[in-house]
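Trainee: I have this one open now. Can we go through it together?
Mentor: Fine, ask as you go.

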Amino acid sequence: MSQPTSFSWDQPYTEIIVGHMDVELNEVGRQQAASLAERLSRVPEISAIYSSDLKRALETAETIVATCGKFEVIKDPDLRERHLGDVQGLLFREAAKVCPQAYRAFSSRRTDQVIPGGGESLDQLYHRATSSLQRICQKHTGKRVVVVTHGGVIRALYRRACSRRFRGSILNTSVNIIQISGDDVWTIKAWGDIDHLNQTGHSMSGFGVSKTPSVVSPVLT
């Protein structure tokens, strides 16, 4: 495979395809995480905090834990972003030319389309993400849990709850609340809530190449 044009990590996040790349939060991302943590510190009866093990999610979760003061982050690799195979690390504007087969797979609307280079299909991501949340449910029946994860995972969870794909943007550090009943009925109670960012003005990109992770707060009944 040809090598992409070189880039630096301070390029705008919209220019780079990230996936499983393990990039860190920048200063704005840390401010966003702090605003989210302060908000969640006022939420009663949180029983556990789970996170993707990618740095951008884990640092967000650790910020929440430091503010809430009574948890340890439980890392779950199944909460990672979708693996995007050979297009990871490429610039959007060059990916179609540098790696056309992988880019076509990445752009496909087919849910069973895998991406060359070890990339996942949307169906594989869906199974991984929903299975992870179901395992969490089984451990915390009747409790409220915070899950720090990525846009692709959150889209998969929305698909599970609503039986359709989410077409909008997953906003930086947005709070998305899903109630999961004992008979495995998933209900969205809140979606894309960024009041904590609107109050502080920290709504721009949270790290050099992609968005700050978001939070799913399952209420398990």
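Trainee: Is Glu 15 buried, exposed or partly exposed?
Mentor: Glu 15 is partly exposed, because its relative accessible area is 23% and the buried class stops at under 20%. Keep in mind that this is a predicted model.

Trainee: Which residue forms a salt bridge with Glu 15?
Mentor: Arg 93 does, with the closest N and O atoms 3.3 Å apart. The pair links distant parts of the chain, since Arg 93 sits in helix H3 and Glu 15 in the segment before H1, 78 residues apart.

Trainee: And Arg 93, buried or exposed?
Mentor: Exposed, because its relative accessibility is 60%.

Trainee: How many salt bridges are there in the whole structure?
Mentor: The search finds 12. Another of them is between the side chains of Asp 193 and Arg 39, at 2.7 Å from N to O. Asp 193 lies in strand E5, residues 186-193, and Arg 39 in helix H1, so this pair ties together parts that are 154 residues apart in sequence.

Trainee: What about the accessibility of Arg 39?
Mentor: Arg 39 has a relative accessible area of 18%, so it counts as buried.

Trainee: Which partner does Asp 184 have?
Mentor: Arg 160, with 2.9 Å between the closest N and O atoms of that salt bridge. Asp 184 is in the loop between strand E4 (175-180) and E5, while Arg 160 belongs to helix H6 (residues 151-162), 24 residues apart. Asp 184 is partly exposed, because its relative accessible area is 35%.

Trainee: Which residues are joined into a network by shared partners?
Mentor: Asp 76, Asp 78 and Arg 135, through salt bridges that share partners.

Trainee: Back to H1. How many residues does it have, and how far does it reach?
Mentor: H1 covers residues 27-40, which is 14 residues, and spans 20 Å from its first C-alpha to its last. That is close to the 20 Å expected at 1.5 Å a residue.

Trainee: Which residues of H1 are buried?
Mentor: Val 28, Gly 29, Gln 32, Ala 33, Ser 35, Leu 36, Ala 37, Arg 39 and Leu 40. When you look at the spacing, recall that an α-helix has 3.6 residues a turn, so residues three or four places apart point the same way.

Trainee: What happens at the start of H1?
Mentor: A side-chain oxygen of Asn 26 reaches to within 3.1 Å of the backbone nitrogen of Val 28.

Trainee: Different topic. Where is Gln 88?
Mentor: Gln 88 is in the loop between strand E2 (73-75) and helix H3 (92-98). It counts as buried, because its relative accessibility is 19%.

Trainee: What lies around Gln 88?
Mentor: A polar atom of the Gln 88 side chain is 2.8 Å from the backbone nitrogen of Leu 84. Beyond neighbours within four places in sequence, Gln 88 is in contact with Ile 17, Val 18, Gly 19, His 20, Met 21, Arg 82 and His 83.

Trainee: How many disulfides?
Mentor: The count is zero. As for individual cysteines, Cys 99 is buried because its relative accessibility is 9%, whereas Cys 162 is partly exposed because its relative accessible area is 23%.

Trainee: Which residues other than glycine have a positive phi?
Mentor: Glu 45 is one of them, with phi near 65°, and Ser 163 is another, at about 60°. Most residues other than glycine have a negative phi.

Trainee: Where are Glu 45 and Ser 163?
Mentor: Glu 45 lies in the loop between H1 and strand E1 (46-51), and Ser 163 in the loop between H6 and E4. Glu 45 counts as exposed because its relative accessibility is 69%. Ser 163 is exposed because its relative accessible area is 65%.

Trainee: Last one. What does the chain as a whole look like?
Mentor: The protein chain has seven helices and six strands, in the order α-β-α-β-α-α-α-β-α-β-β-α-β from the N terminus. Of its 221 residues, 49% count as buried. The chain exposes about 10,400 Å², and carbon and sulfur atoms supply 48% of that. Among contacts between residues at least 6 apart in sequence, 76% join residues at least 24 apart.

Technical notes
Residues are numbered from 1 along each chain as its sequence is written. This is a predicted model: local features need pLDDT of at least 70, side-chain atom pairs count only at pLDDT 80 or more; totals for chains, interfaces and linings use all residues. Side-chain values use heavy atoms; hydrogens and water are left out. Helices (H or I, at least four residues) and strands (E, at least two) are DSSP runs, numbered from the N terminus. The expected span of a helix is 1.5 Å times one less than its number of residues. Buried means under 20% relative accessible area, exposed over 50%, partly exposed in between (1.4 Å probe, protein chains only). A polar contact is a pair of N or O atoms within 3.5 Å; within protein, one must be able to donate a hydrogen and the other to accept it, and residues adjacent in sequence count only if both atoms are side-chain atoms. Contact means heavy atoms within 4.5 Å. Accessible areas come from the Shrake-Rupley method with a 1.4 Å probe; for residues, only the protein chains shown count as cover. A salt bridge is a side-chain nitrogen of Lys or Arg within 4 Å of a carboxyl oxygen of Asp or Glu. A disulfide is a pair of cysteine sulfur atoms within 2.5 Å.
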